[in-house]
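Please read the following alongside the sequence and the coordinates.

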Amino acid sequence: MAERFFLELESPETSTWPHVVVVGGGFAGLRVCRALKGAKVRVTLIDKRNFNLFAPLLYQVATGLVSRGDVAIPLRMLVGDQRNLQILLGEVRQIDPVERSVAFNGTHLRYDHLVLATGSGSTYLGHEEWRALAPPMKILEHAEEIRRRLLMALEEAERTVDAKQRQFLQTVVVVGSGPSGCELAGSVAELMRRALAKDFRRVDPEQTRVVLVVSGGRVLKEMPELLSEAAAANLQAKGVELVLGRVSDLQPGAVVIRLVDGDERVVQAANVFWTAGVRASKLGQRLADATGCALDRGGRVIVEPDFSIAGHPEIRVIGDLCHYAHASADGQAIPGMAGPATQMGQWVGRDLRAKLEGRPHQSFRYVDFGSMAVLGRLSAVANLRGIKLAGFPGWVLWALAHLAFMPDDENRITLLVKWLWAIVSEQRSSLLITGLPNDNQPGQGPAPFPMGWENEPSFADLLGPMAEAVEQFQRREHERALSEC
């Protein structure tokens, strides 16, 4: 068997083939790698995770519709067979544009061309102290943390004899009314009102309360108003309560919402989940510090028409990390979604290949296929290049689009089977309480395994922040009762 290609980390410049370093194994990064398959280049893909995450379905992991293996696919399974590519696990901490090298895991790796596609994370709009109280939904561990908190709240509700506390435990607040927020709110409502109705004896599904905080005046504000109204009506039919306003304060077990009329409303909820803010990967700031390139207010790198940065044509930035405003007459940046990221990665990969092979390549043209959001079982809204669909037709289009974007055939089959099973049975197949409580710090997963846990976490360990939320709820109820005496 012939020896497979392996890049010497110490001296990659000795190779006669140009070296392309791709940082990030998401939709954009994978497309670059695939476009360079068979080309006379050496490709190194660097990612701090060894899998590609299908982030649009994270809410389904959070609500037990699918499991982690259905939305996370090992990178080596996707592009590991490329003989001109190697995959290295690590996090790029520094970029040296003069030496043309990146530093990760204590190693400096030289490049001829660098492609940054590290995506985005969550932000709390200046209130990072809220992160531990309201988990975001950007990585796999976040989704599993949400699922753990949801299920632990229901288990607590099943064993409590206090009706008010039970209703508190059955209350969920979702902050953010974009596609992620609407999808999560709709799926949580169906989970707690329908899917688990037969599984608990003391929990009353009708006492479930799901509150969606809408800060932009209407849900899905990027969609046409007709679809936004259809989405709002659909969510309300599922029992989701829409509250127009912004979160002004978060405390354990309580959310303070400043309404559009200036009044404040306090919602007591055992669980609060955050989908309201997006920030670019920190690598964008590191690139700006090293090269002086410009960033937008969200930390995204402002790029040239070929996705390079000013003064450095050898560095490309794509996906959620880039601010690309050359595709529209009004100067609006391309949205950070899976479809645009895929188009960017495909074009940059082909452009690199054309330049290395001395061929011309057409300019980038962004095709806006529209946007969509699933609102629950057999219901979605979709705006496909002017074609507006809602309800079941929208769900069919949503399902076909997501199956088409899924990069692995096996996962397409398992997703389809699980979706059909959920439709027929109204049950969820992945309702395990797993994972460890974590503090949800930016860019971090679960907290390290505590020294006090010998084998399995205790019940109190799994309860995590829920215990403090319940304690604060009981204190507030006690103070209210005293004030009424």
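A cavity is a set of points, on a 1 Å grid over the protein atoms alone, where a 1.4 Å probe fits but cannot get out; lining residues have an atom within 4 Å of a point. Grid points are joined across faces, edges and corners, and a volume is the space filled by probe spheres set on the points. The model is predicted: local features need pLDDT of at least 70, side-chain atom pairs count only at pLDDT 80 or more, and totals for chains, interfaces and linings use all residues. Residues are numbered from 1 along each chain as its sequence is written, and side-chain values use heavy atoms, with hydrogens and water left out.

The whole structure holds 3 cavities of 30 Å³ or more. The largest cavity has about 250 Å³ of space. Its lining consists of 21 residues, with Leu65, Glu190, Gly376, Arg377 and Ala422 nearest the centre. Helix 7 supplies the largest share of this lining, 5 residues; helices (H or I, at least four residues) and strands (E, at least two) are DSSP runs, numbered from the N terminus. The second largest cavity has about 140 Å³, and helix 14 gives the most to its lining, with 4 residues.

Glutamate 190, named above among the residues nearest the centre of the largest cavity, also forms a salt bridge with arginine 428, the closest N and O atoms being 3.9 Å apart. A salt bridge is a side-chain nitrogen of Lys or Arg within 4 Å of a carboxyl oxygen of Asp or Glu. Arginine 428 lies in the loop between helix 12 (409-425) and helix 13 (459-463) and glutamate 190 in helix 7 (residues 179-195), so the pair ties together parts that are 238 residues apart in sequence. Both residues are buried, where buried means under 20% relative accessible area, exposed over 50%, and partly exposed in between (1.4 Å probe, protein chains only). In total, 26 salt bridges are found in the whole structure.

Strand 14 (residues 254-259) and strand 15 (residues 264-268) run antiparallel and are joined by 5 bridges; two strands pair if DSSP finds at least two bridges between them. Valine 256 stands opposite valine 266. The hairpin has 4 residues between its strands, and glycine 262 takes a positive phi near 95°. A salt bridge links glutamate 264 and arginine 258, with the closest N and O atoms 2.8 Å apart. Glutamate 264 counts as partly exposed because its relative accessibility is 46%, and arginine 258 counts as partly exposed at 42%.

Key
1 Å grid on protein atoms, 1.4 Å probe; cavity = no way out; pocket = protein on both sides within 12 Å on 5 of 7 lines; lining within 4 Å.
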